[in-house]
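Please look at how the two parts of this chain meet, and at which kinds of contact join them. The briefing below goes through that meeting surface topic by topic.

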Amino acid sequence: MTYFSVVQIDMHPALYVAATGSARSAQILARLVAERCPGNVFGIRDSADFKGPKSNGFIRDCARSFEVQTLAAQELMAEADDNPDQLLKWHVYFYDSGAGESRFTVNAYLDHDRRVRAKCEADPTLAGRDVIYGDAPTMETLYLMLDAFAARQEAIA
């Protein structure tokens with residue numbers, strides 16, 4: 001079984017928080033722990049770093065808490081039909097500049113990257129968003145999604 005680690009990436013070296021069995025569950029744990037431990041930044045790795053430096057006990061206990069584990073399991077179950085292999089979740093954001101041939105632009109960010117996603121969601125030019133699962137979307141994939149989004153916007157207008 002491949003393990004994935006949640007690590008505290010605002011420290012050097014990145015400190016181990018928890019290990020789990022899928023990329024998506026690690027991503028969910030990283031986001032949930034970040035919500036409960038504001039001011040700390042968490043990421044994921046595709047290996048289990050059991051022997052590396054460990055984050056403080058409060059953060060590790062938070063990741064293993066009944067509340068966080070239950071919420072993570074519920075989220076995995078809720079997306080089981082869309083993401084049966086528990087792949088990484090990417091949020092794709094579409095922005096509207098308002099004029100010109102290149103009116104819309106697109107960006108994609110990982111689910112657990114809370115700070116960047118918060119900035120994207122607060123952007124006044126945000127026109128829509130979508131979710132995809134898997135490896136990092138290629139530019140081709142993003143442009144295809146952007147073309148589909150722009151076509152939907154034109155159909156509505």
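Between domain 1 and domain 2 the count is three salt bridges, a salt bridge being a side-chain nitrogen of Lys or Arg within 4 Å of a carboxyl oxygen of Asp or Glu. The model is a predicted one, in which local features need pLDDT of at least 70 and side-chain atom pairs count only at pLDDT 80 or more, while totals for chains, interfaces and linings use all residues. Residues are numbered from 1 along each chain as its sequence is written, and side-chain values use heavy atoms, with hydrogens and water left out.

**Polar and charged pairs**
- Asp111 forms a salt bridge with Arg24, and the closest N and O atoms of this pair are 3.0 Å apart.
- Across the interface of domain 1 and domain 2, five residue pairs are in polar contact, both residues being at pLDDT 80 or more; such a contact is a pair of N or O atoms within 3.5 Å, where within protein one must be able to donate a hydrogen and the other to accept it, and residues adjacent in sequence count only if both atoms are side-chain atoms.

**The side of domain 1 that touches domain 2**
- Helix 1 (23-36) and strand 3 (42-45) each supply at least two residues of this side, with helices (H or I, at least four residues) and strands (E, at least two) taken as DSSP runs numbered from the N terminus.
- Helix 1 gives the largest share of this side, six residues.

**Domains and buried area**
- The domain assignment, automatic or from a database, gives domain 1 (4-79) and domain 2 (89-155).
- Domain 1 and domain 2 bury about 820 Å² between them, 48% of it on carbon and sulfur atoms, where buried area is the accessible area (1.4 Å probe) that two parts lose on being put together, summed over both.
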